[in-house]
Amino acid sequence: MTPSQPSQAKYLREDDISQKCRDLLPSLPHEKGWISPSLYQYQGLWVAPKLLNGILACQEHFRAQETDVLLITAPKSGTTWLKAILFCLPNRAKYSGSMQQHPLLTQSPHDLVPFLELKLYFGQEIPNLTSLPPPRLFATHLPYQSLPQSVKDSGCKLVYLCRNPKDTFVSLWHFANKLRSKTTSGIPLAECLDAFCRGVSPFGPYWDHVQGYYKASLEMPERVQFLRYEDMIEDPQVHVKRLADFLGCPFGEQELRDGTVDGIVRMCSFDSMSMLEVNKSGKLSTGQETESYFRKGEVGDWVNYMSVEMGERVDRVVQEKMDGSGLKL
Ligand SMILES: Nc1ncnc2c1ncn2[C@@H]1O[C@H](COP(=O)(O)OS(=O)(=O)O)[C@@H](OP(=O)(O)O)[C@H]1O
């Protein structure tokens with residue numbers, strides 16, 4: 001493994017990993033990473049060593065409850081946005097009369113809805129999880145096949161958000177460069193694209209990630225809701241209402257009349273969130289700067305960074321890999 005740089009985000013550093021993880025790493029295929037120096041392939045997914053630590057802890061220790069809600073995404077598919085919306089839905093009665101006290105105004109969605117694999121990595125937080133009031137909201141980038149067994153057995157709800165692969169790729173490439181610029185030189189887009197098209201991207205292959213949850217949503221529609229970023233951008237109100245129905249906290253007549261849905265959509269929109277001080281200059285408990293989660297929030301921005309041929313290549317690879325799934329991205 002490459003030695004870590006001191007200013008690297010805590011969750012990507014390659015020192016200070018558990019003995020279990022250390023023992024496992026030499027047996028795993030590995031490749032050059034995008035953000036972290038290396039990516040290792042575990043249970044089919046590509047992941048940085050420190051996150052593997054978290055994944056092992058999460059698979060071993062996390063005990064899902066039936067009332068839990070898990071938000072699942074491949075990185076850069078709109079996680080931050082959906083975390084904000086999911087936080088608002090079950091908690092809306094608490095803040096209806098005091099919007100200026102709403103936690104989203106002063107806290108990052110990433111601190112309000114933590115990533116399971118990060119939360120569990122910081123081992124001391126494990127006991128706290130059991131005392132959280134229901135519904136407990138967590139996020140994860142884990143693909144379906146790597147979810148802790150208790151998630152599959154518990155009957156808890158899963159909300160999956162996918163995004164056009166070209167926009168996801170460009171967003172990830174920007175994020176990688178932003179993080180790398182602090183420690184090392186940038187990584188060329190063409191190099192990342194090659195890796196992405198071979199399936200070597202954080203929590204990738206991208207197509208396996210999406211397909212796993214798409215299949216689960218067809219088999220268990222009452223447990224798994226499958227959403228697309230582009231559909232949500234087009235009609236956020238409809239999707240916020242559907243999400244509330246799915247979570248078992250539908251909007252009442254009065255709320256539908258008094259603009260509660262519009263209020264949530266507005267509060268969680270890119271424009272509103274990216275203006276907040278906490279999202280402009282804050283830092284997460286992981287050491288990550290919050291502004292790195294807000295770039296443009298647009299559909300189709302890939303055309304500004306990739307040639308038509310590059311775009312066609314991504315489309316071809318993704319469609320080939322997903323052939324027969326019934327899903328078109
Ligand atoms: N509120 C809101 N609405 C719409 N889009 C938003 C919002 N917040 C963040 N974003 C855009 O989502 C991209 C970041 O993806 P993630 O939040 O999934 O990142 S992460 O996986 O949690 O690291 C990143 O996309 P790009 O702008 O294309 O890079 C963000 O700008």
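How many residues does the hairpin use to join β1 to β2? Five residues make the link. The points below start there and work through the rest of the chain.

1. **Basis.** This is a predicted model: local features need pLDDT of at least 70, side-chain atom pairs count only at pLDDT 80 or more, and totals for chains, interfaces and linings use all residues. Residues are numbered from 1 along each chain as its sequence is written, and side-chain values use heavy atoms, with hydrogens and water left out.

2. Helices (H or I, at least four residues) and strands (E, at least two) are DSSP runs, numbered from the N terminus. Two strands pair if DSSP finds at least two bridges between them. Strand β1 (residues 30–32) runs antiparallel to β2, with three bridges joining them. Here Lys-32 stands opposite Ser-38. β2 also pairs with strand β3 (residues 45–47), again antiparallel and over three bridges. In that pairing Tyr-40 faces Val-47. The hairpin of β2 and β3 has two residues between the strands, and Gln-43 takes a positive phi near 50 degrees there.

3. **β2 is enclosed.** Buried means under 20% relative accessible area, exposed means over 50%, and partly exposed lies in between (1.4 Å probe, protein chains only). Strand β2 (residues 38–42) has four of its five residues buried, so it is largely enclosed by the rest of the structure.

4. **The core.** A nonpolar core is a set of buried Ala, Val, Leu, Ile, Met, Phe, Trp, Tyr and Cys residues joined through side-chain atoms within 4.5 Å. The largest one holds 102 residues, and Trp-34, Leu-82 and Leu-89 touch the most other members. Helix α3 (residues 79–95) gives the most to this core: eight residues.

5. **The parallel sheet.** Four strands form an open sheet with parallel pairing, in the order β5-β4-β6-β7. β5 (137–140) and β7 (224–228) are the edge strands, each pairing on one side only. On average, neighbouring strands are turned by 20 degrees against each other, direction ignored. Axes are lines fitted to C-alpha atoms, for helices over the stretch in contact, and angles run from 0 to 180 degrees between N-to-C directions. Within the sheet, β4 (residues 69–73) and β6 (residues 157–162) are joined by five bridges. Val-69 has Lys-157 as its bridge partner in β6.

6. **A helix across the sheet.** Contact means heavy atoms within 4.5 Å. Helix α10 (residues 206–219) lies across β4, β6 and β7, running at about 130 degrees to β7.

7. Arg-223 sits in the loop between α10 and β7. A salt bridge is a side-chain nitrogen of Lys or Arg within 4 Å of a carboxyl oxygen of Asp or Glu. Lys and Arg count as positive and Asp and Glu as negative; His and the chain ends are not counted. Arg-223 is buried yet has no salt bridge, and the nearest side chain of opposite charge, Glu-222, is 6.3 Å away. Leaving aside neighbours within four places in sequence, the contacts of Arg-223 include Val-151, Leu-158 and Phe-246.

8. **Backbone exceptions.** Most residues other than glycine have a negative phi, and most peptide bonds are trans. Check these places. The bond from Pro-134 to Pro-135 is cis, with omega near -5 degrees. The bond from Gly-204 to Pro-205 is cis too, with omega near 0 degrees. Lys-76, not a glycine, has a positive phi of about 75 degrees. Lys-76 lies in the loop between β4 and α3. Phe-203 has a positive phi of about 65 degrees. Phe-203 is buried, at a relative accessible area of 5%.

9. **Salt bridges.** The whole structure has 12 salt bridges. In one of them, Arg-198 pairs with Glu-31, with the closest N and O atoms 3.0 Å apart. This pair links distant parts of the chain, 167 residues apart: Arg-198 in the loop between α9 and α10, Glu-31 in strand β1. Glu-31 is partly exposed at 27%. Lys-178 and Glu-291 form another, with their closest N and O atoms 3.3 Å apart. Arg-295, Lys-296 and Asp-301 are linked in a network of salt bridges.
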